[in-house]
Each structure stands twice: as structure tokens, then as C-alpha cells.
Amino acid sequence: MSDAGDTFMIDESLRSRLEALNRGPIAKPNGSIRETGAVASATRQIAPLIVESPTRPPTRTSASYMPGLVRGGDVVENGAGQHVRIRLPLESLWQDGPQLVAARHDYLRSQAQGAQNAIEPTVVIDTEFASFIAALPDRAIALDLETCGLAGSALFLIGLLRQVDGQSTVELLLARNYSEEAAILTSLWQTLADCQVLVTFNGKSFDWPMVIERSIRHRLPAVGWVPPAQDPAPVQYRTANAHQAMVHVDILHHARRRWRKHLPNCRLQTLEWHICRRRRTGDIPSHCIPAVYADYVRTGFDRDMDAVLHHNALDLVTLFDLALRMAA
């Protein structure tokens, strides 16, 4: 077959794939090499990495990939061993975050004060969110885990968003190998000692039971929970060190009640797109994370682990953003 015939066959195959992507017909090239180049250019134009929403596109993008996170962490030692701790100021992940958080704090406080004078305060502000507002900024903490699989598997990363030295900070507790799991759990319990409100996404079903299960496995002290006094009072847990009631706000439950009829689903990144109006580029898929950690433990190669840490940090930012929005 002649070279011209080969070019035409390539064009036909490429055109059929483009039509499938474009969901519409594409004009046939005349077989010239020049028009083949034009078709290749069209391929790059109609196959973006992220498809914009036709009705309500995001107005901002999340921070780009941040290399060197693992190596930039500090080694922390406690009674259970050592682990790595990475701290990131909120503005490094969310450019306008500190200013928006401060403004929302002020607004939520004013709303809470107004609710106290209402005939039925819980109608104005949900009980769990009232506790969340009262705990801001120093005694509320957001939590998100990364694990080696489903329930029963080890956890290797505990992500927290909390106040550190008066600043909103993402704190990542990383186990460099499986033996450091007890150390990151010990650091978590030490951090929760002064916490009054815990904010998670699907944490009542997954994250918190995982923390309890793995803590019991490592025989860490006093990791029980106190059932709610009455329904629909918020679920409360008792921290190991301070012996105080801790309110657990699961944002997924509130999101489903509020938006399940209006959004395709209530996954965290769906809410990030439609509610927070941000989108991510180059984010690692969640299902790849356990394999990445297994490779990191085996080889010590940390580039892909940096992507996992960045993914967890962005999840925490979105979780906290949603909590502040929904509390209002």
C-alpha cells in the first residue's frame, strides 16, 4: 500500500476516535499531510484534562502539586516511636483561605449569638454546628485518614487541619513504614486532648472507627466512646487524655440531607466542584493510594508519596471549607 494510503488509514482511525470524544461528526481530511497535522492539533484542543461544568464552572483551581513534602517534614518521637510530621500553612494550599476563614468565623459568631435569643435555637443553627462554632478556632479540628485499604487494614497518614501558634495549619502525620502506625496514633490522641469538636467526611462510618480499631490493636490507653445522651443529640466521644466530651460533626451526613437531590452525588470532590467552586488538576486517584504507599515502604522513593500528602491536604481544606459554609 502506498504512503498516501497509509496516511488516509491513520486519518480515518483518528477521526473515528475524535468523533467519539467530540460526540459529533468531524469533517474528513483530504489525505494531505498538512491536514493530518490540523487533525492532530484538533485532538489536543478537544481533549482537555478537566471538563468544565456547562452550568456552573468552578471559579478557582486548587494549588498545584507540591514536591518535597516528605523530605521537608520533621521527625517526631513519642512513647510509641517515631514518625514524620509535615506542617503546611493554610495559605500555601488555599490562597485566600486565612482571610475567608477569619471572616466566616466572625459571621458565624454573630449568627450564633442571634440564635441564642431565638425561641428554638436548634431551628436557626443545627446542634452539631452550634458546637462547632463555639469551638472555633482553637478547639475544633478536621481529620482525614489515608489507609492501606478498607476497614481492618493499617492506616499510614493522619491529616489534621487545626490552629497551630494562632494560624490555620494542615498537619500531616506520616508513618514511614508499618511499624510507625502506633506512633502517629499516639500523636493524634495527644493532639485531641484539648479538642472539643471533630470534623470529618464519612468519619462516623470509616475514619473514627478506624482510629478506634487501630488504637485498640496497638493497646493505646483509654480510647473509648460515650454514646449520645438522647436522640437527636450529637454523637459524643471521650478523648483519652482530657476526659472531655468531643462532638463529632460528619459533613457527609449533612451534605446528603442538603444536596442529594440537587447534585450528581455527595462525594467530597463533587462538593468541592459544585459548592466550593474549586477544581483539582493532576490529583492522584484515591484507589491508587494504597499501592503508592506500599511502593514507598518498599523502595523509599517519595515523589508519589508527595502526591498522596498533597491529596490529603486538599481534602482537609475542602472539608473545613464545607464545614464553615454549612454552619451558616
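In which loop is Asn 202 found? Asn 202 sits in the loop between β7 (197–200) and α7, where helices (H or I, at least four residues) and strands (E, at least two) are DSSP runs numbered from the N terminus. The structure is a predicted model, in which local features need pLDDT of at least 70 and side-chain atom pairs count only at pLDDT 80 or more, while totals for chains, interfaces and linings use all residues. Residues are numbered from 1 along each chain as its sequence is written, and side-chain values use heavy atoms, with hydrogens and water left out.

The chain has 11 helices and 11 strands. Of its 328 residues, 45% are buried; buried means under 20% relative accessible area, exposed over 50%, and partly exposed in between (1.4 Å probe, protein chains only). Among the contacts with a separation of 6 or more, 69% join residues 24 or more positions apart, a contact being defined by heavy atoms within 4.5 Å.

Two helix pairs may be examined in turn. The axes of α5 (residues 127–135) and α11 come within 10 Å and cross at roughly 115 degrees. Axes here are lines fitted to C-alpha atoms, for helices over the stretch in contact, and angles run from 0 to 180 degrees between N-to-C directions. The two helices, α5 and α11, are therefore roughly perpendicular to each other, given that angles under 35 degrees count as roughly parallel, over 145 as roughly antiparallel, 65 to 115 as roughly perpendicular and the rest as oblique. The crossing of α5 past α11 is left-handed, a term for a near helix turned anticlockwise from the far one by less than a right angle, with right-handed used if clockwise. From α5, Phe 129, Phe 132 and Ile 133 meet Phe 320, Ala 323, Leu 324, Met 326 and Ala 327 of α11. By class, this contact of α5 with α11 has eight nonpolar, no polar and no charged residues; Ala, Val, Leu, Ile, Met, Phe, Trp, Tyr, Cys and Pro count as nonpolar, Asp, Glu, Lys and Arg as charged, and the others, Gly among them, as polar.

Helices α6 (residues 181–191) and α7 (residues 203–217) pack at an angle of about 120 degrees, with their axes 10 Å apart. That angle makes α6 oblique to α7, and their crossing is left-handed. The contact involves Glu 181, Leu 185, Leu 188 and Trp 189 of α6, together with Trp 208, Val 211, Ile 212, Arg 214 and Ser 215 of α7. By class, the contact of α6 with α7 has six nonpolar, one polar and two charged residues.

Ile 251, in helix α8 (residues 251–259), counts as buried at 0% relative accessibility. Leaving aside neighbours within four places in sequence, Ile 251 is in contact with Phe 129, Val 199, Thr 200, Phe 201, Leu 319, Leu 322, Ala 323 and Met 326. Ile 251 and Phe 201 are 50 residues apart in sequence, yet 5.1 Å apart in space, C-alpha to C-alpha. His 105 lies in helix α3 (residues 97–116) and is buried, with a relative accessible area of 8%. With neighbours within four places in sequence again set aside, His 105 is in contact with Leu 136, Pro 137, Phe 320 and Leu 324.

The buried residues of helix α10 (residues 289–299) are Ile 289, Val 292, Tyr 293 and Tyr 296. Seen down the axis of α10, these residues fall within an arc of 95 degrees, so they line one face of the helix; the arc is that of the directions from the helix axis to the C-beta atoms. The buried residues of α10 pack against β4 (140–147), β5 (155–164), β6 (167–174) and α11 (303–327). On the face of α10 turned away from its buried side are the exposed residues Arg 298 and Thr 299.

The backbone also deserves attention. Most residues other than glycine have a negative phi, and most peptide bonds are trans. The bond from Leu 136 to Pro 137 is cis, with omega near -5 degrees, and Pro 137 lies in the loop between α5 and β4. Asn 202 has a positive phi, near 65 degrees, and counts as partly exposed at 26% relative accessibility. Arg 277 has a positive phi near 60 degrees and is placed in the loop between α9 (268–274) and β11 (278–279).
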